[in-house]
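Keep the sequence and the 3D view open, try each task yourself, and then follow the steps of the solution.

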Amino acid sequence: MIVDPSKLPIRDTYRFMISVITPRPIAWVSTVSPRGVTNLAPFSFFNGVAANPPTVVFSPVNRRDGSKKDTVLNIEQTPEFVVNVVSFDQAAPMNACSEELPYEVSEFEKCGLTPLPSEKVKPPRVKEAKVQIECVLHQIVHIGEGPLAANLVIGRIVLMHVDESILGEDGLPDPRKLDTIGRMGGEFYSRTTELFELPRPGGKR
Ligand SMILES: Cc1cc2nc3c(=O)[nH]c(=O)nc-3n(C[C@H](O)[C@H](O)[C@H](O)COP(=O)(O)O)c2cc1C
């Protein structure tokens, strides 16, 4: 089977992409509007891309009507955000936060989550998340136009909060304790309970 994006409706190409680019980590992103209304939404077009300076990217695509999502509108006006890490325990509230709510309604309240003040940025973090990553905007890169076009948010990490209960003996987050989930195709998610080790050639990492 050949999938040629130039011959398919955008939505179908999207479905193939999210079915094969898997598992995807989930950034549960908190932002704040100029009037101080908080916003929280999950994004799985997400990753870390550099350590010097420490940099993350995530991509809120335009809605089907071509409009920008609340997260983008907020970051354009207050160029800061927090990436909250999603463990299995938070799968349901994370998913609840993906509902399209009016701009002035906060997902924190609607989804029963606790906002904790951040230290270096204005948007609050999610208390229930075991790791919260405070970021400042580096750049938004617009790719394409109209429905599902990207607003690629590039952010620099300025502070990480790590719950000590998830640390392993080596002082680093233990993946078995963090219990992150990944987004797969359709409505599937993956758990990270079945792990295997594969030492790097040369023994370095
Ligand atoms: C697990 C998961 C991953 C998602 N990933 C993305 C994504 O990468 N990009 C995107 O635009 N929307 C994604 N969504 C949908 C957004 O969360 C949804 O459109 C949300 O309402 C946007 O909120 P906002 O308008 O408050 O920014 C995802 C939803 C879920 C449940």
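This is a predicted model: local features need pLDDT of at least 70, side-chain atom pairs count only at pLDDT 80 or more; totals for chains, interfaces and linings use all residues.

**Exercise 1. Placing two prolines**

Where is the place of proline 53 among the strands?

Solution. Residues are numbered from 1 along each chain as its sequence is written.

Step 1: Proline 53 sits in the loop between β3 (46–51) and β4. Helices (H or I, at least four residues) and strands (E, at least two) are DSSP runs, numbered from the N terminus.

Step 2: Proline 23 belongs to the loop between α1 (10–20) and β1.

Step 3: Most peptide bonds are trans, and most residues other than glycine have a negative phi.

**Exercise 2. Getting to know β1**

Which strands pair with β1, and how many of its residues are buried?

Solution. Step 1: Two strands pair if DSSP finds at least two bridges between them. β1 runs antiparallel to β2, with six bridges joining them.

Step 1: Now count burial. A residue is buried if 20 or more other C-beta atoms lie within 10 Å of its own, exposed if 12 or fewer, and partly exposed in between, with C-beta atoms placed from the backbone. In β1, six of the six residues are buried.

Step 2: Compare the two faces. Ala27, Val29 and Thr31 point one way from β1, Trp28, Ser30 and Val32 point the other way, and all are buried.

**Exercise 3. Exploring the core**

How many residues does the largest nonpolar core have, and which element gives the largest share?

Solution. Step 1: A nonpolar core is a set of buried Ala, Val, Leu, Ile, Met, Phe, Trp, Tyr and Cys residues joined through C-beta atoms within 7 Å. The largest one here has 28 residues, and those with the most contacts inside it are Ala27, Trp28, Val29, Leu40, Val82 and Val83.

Step 1: Two or more residues each come from β1 (27–32), β2 (38–43), β4 (54–58), β5 (80–85) and β8 (131–143). The largest share, four residues, is given by β5.

Step 2: Zoom in on tryptophan 28. Not counting residues up to four places away in sequence, Trp28 touches Leu40, Pro42, Asn84, Val86, Met94, Cys97, Val126 and Ala129. Such a contact needs C-beta atoms, placed from the backbone, within 7 Å.

Step 3: In soluble globular proteins, nonpolar side chains tend to be buried together.

**Exercise 4. Positive phi in the loops**

What is the phi of leucine 148, and what is the phi of aspartate 179?

Solution. Step 1: Leucine 148 has a phi near 65 degrees, positive although the residue is not a glycine. Its place is the loop between β8 and β9 (150–162). Leucine 148 counts as partly exposed because it has 14 C-beta neighbours inside 10 Å.

Step 1: Aspartate 179, also not a glycine, has a positive phi of about 55 degrees. Aspartate 179 lies in the loop between α5 (175–178) and β10 (181–183). With 18 other C-beta atoms within 10 Å, aspartate 179 is partly exposed.

**Exercise 5. Around the ligand**

Which residues come nearest to the ligand, and which element gives the largest share of its shell?

Solution. Step 1: A residue is near a molecule if its C-beta atom, placed from the backbone, lies within 6 Å of it. There are 17 residues around the ligand, and Ala41, Phe45, Lys69, Asp70 and Thr71 come nearest.

Step 1: The elements giving two or more residues to this shell are β2 and α2 (70–77). The largest share, four residues, comes from β2.

Conventions
Two residues are in contact if their C-beta atoms, placed from the backbone, lie within 7 Å.
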